[in-house]
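Subject: Structure handover

Hello,

Here is the structure we talked about. Please open it next to this note and follow along.

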Amino acid sequence: MKVFLKRETTSGNVIFTVKDCMSDDKYTVTAKEGTPMSKAYIKDNSGIKRLVIRRINLPMYSLYSISGGGERISLVTSHGTVPECIFYGISWHIRGDVRKKSYDIVDADNSVVATVSKAGVGKCDALALNIFCEQRELFSIGVAVCLSMEKAVDCEVFQTI
């Protein structure tokens with residue numbers, strides 16, 4: 001299954017829209033900022049919260065707690081030059097380059113749960129998620145949202161000297 005995660009800049013507290021391959025809205029991601037913790041909610045078309053993401057942003061790393069459907073996973077991301085991602089509560093790891101938005105979410109048996117890549121005009125409008133494990137659709141989207149909230153360059157831009 002393929003979905004697209006599009007960053008929203010004009011819709012108040014909606015920070016992402018998740019669209020299916022037919023460009024229909026599937027989920028919206030809304031944010032509620034707080035200090036030092038923030039929350040994001042992934043809601044379906046009926047407005048029902050399907051996933052809750054809590055983030056604590058610290059100087060050296062960010063802590064994410066992703067919960068929904070009675071399950072919870074945690075993700076720790078470092079803010080170093082080469083970001084590291086460590087999962088707790090699930091046997092996933094990241095393979096690829098998170099900063100360039102080109103990575104795979106991989107399970108312990110090295111099966112790919114989802115792939116994430118840039119999509120759209122100029123390769124900076126949205127992320128394309130190919131989700132191979134339908135039971136983990138929401139958590140795959142949640143991880144992509146978390147890693148998209150990290151400071152990274154969405155578009156490669158040439159700078160004049």
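A search of the whole structure finds five salt bridges. A salt bridge here is a side-chain nitrogen of Lys or Arg within 4 Å of a carboxyl oxygen of Asp or Glu. Before the details, note that this is a predicted model: local features need pLDDT of at least 70, side-chain atom pairs count only at pLDDT 80 or more, and totals for chains, interfaces and linings use all residues. Residues are numbered from 1 along each chain as its sequence is written, and side-chain values use heavy atoms, with hydrogens and water left out.

**Salt bridges**

Start with Lys19 and Asp25. Their side chains form a salt bridge, 2.6 Å from N to O. Lys19 is partly exposed, at 24% relative accessibility. Asp25 is also partly exposed, at 38%. The cut-offs: buried means under 20% relative accessible area, exposed means over 50%, and partly exposed lies in between (1.4 Å probe, protein chains only).

Next, Lys26 and Glu137. This salt bridge spans 2.8 Å, N to O. It links distant parts of the chain: Lys26 sits in strand E3 (residues 25–32) and Glu137 in helix H1, 111 residues apart. Helices (H or I, at least four residues) and strands (E, at least two) are DSSP runs, numbered from the N terminus. Lys26 is partly exposed, at 23%. Glu137 is buried, at 10%.

Then Glu71 and Arg136. Their closest N and O atoms are 3.0 Å apart in a salt bridge. Glu71 lies in strand E7 (residues 71–78) and Arg136 in the loop between strand E12 (126–131) and H1, so the pair ties together parts that are 65 residues apart in sequence. Glu71 has a relative accessible area of 36% and is partly exposed. Arg136 is partly exposed too, at 21%.

**Cysteines**

How many disulfides does the search find? Zero, across the whole structure. The cut-off is a pair of cysteine sulfur atoms within 2.5 Å. Cys85 is in no disulfide; the nearest cysteine sulfur, that of Cys146, is 9.7 Å away. Cys85 is buried, at 16%. Cys21 is exposed, at 54%.

**Strands**

Cys85 belongs to strand E8 (residues 85–88), on a covered face with Phe87. Ile86 and Tyr88 make up the uncovered face. In a regular strand the side chains alternate between the two faces of the sheet.

A hairpin joins E7 to E8 through six residues. The two strands pair in the antiparallel sense over four bridges. Two strands pair if DSSP finds at least two bridges between them. Ser74 has Tyr88 in E8 as its bridge partner.

E12 is mostly covered, with five of its six residues buried. Strand E1 (residues 2–7) runs antiparallel to E12, joined by five bridges. Lys6 stands opposite Ala126 in E12. Strand E11 (residues 112–119) also pairs with E12 in the antiparallel sense, over six bridges. There, Ser117 has Ala128 as its bridge partner in E12.

**Core**

The largest nonpolar core has 37 residues; Trp92, Ile94, Leu129, Ile141 and Val143 touch the most other members. Helix H1 (residues 137–149) gives the most to this core, with eight residues. Such a core is a set of buried Ala, Val, Leu, Ile, Met, Phe, Trp, Tyr and Cys residues joined through side-chain atoms within 4.5 Å.

Which residues does Val143 touch, not counting residues up to four places away in sequence? They are Ile66, Ile73, Leu75, Phe87, Trp92, Ile94, Tyr103 and Ile105. Contact means heavy atoms within 4.5 Å.

Best wishes
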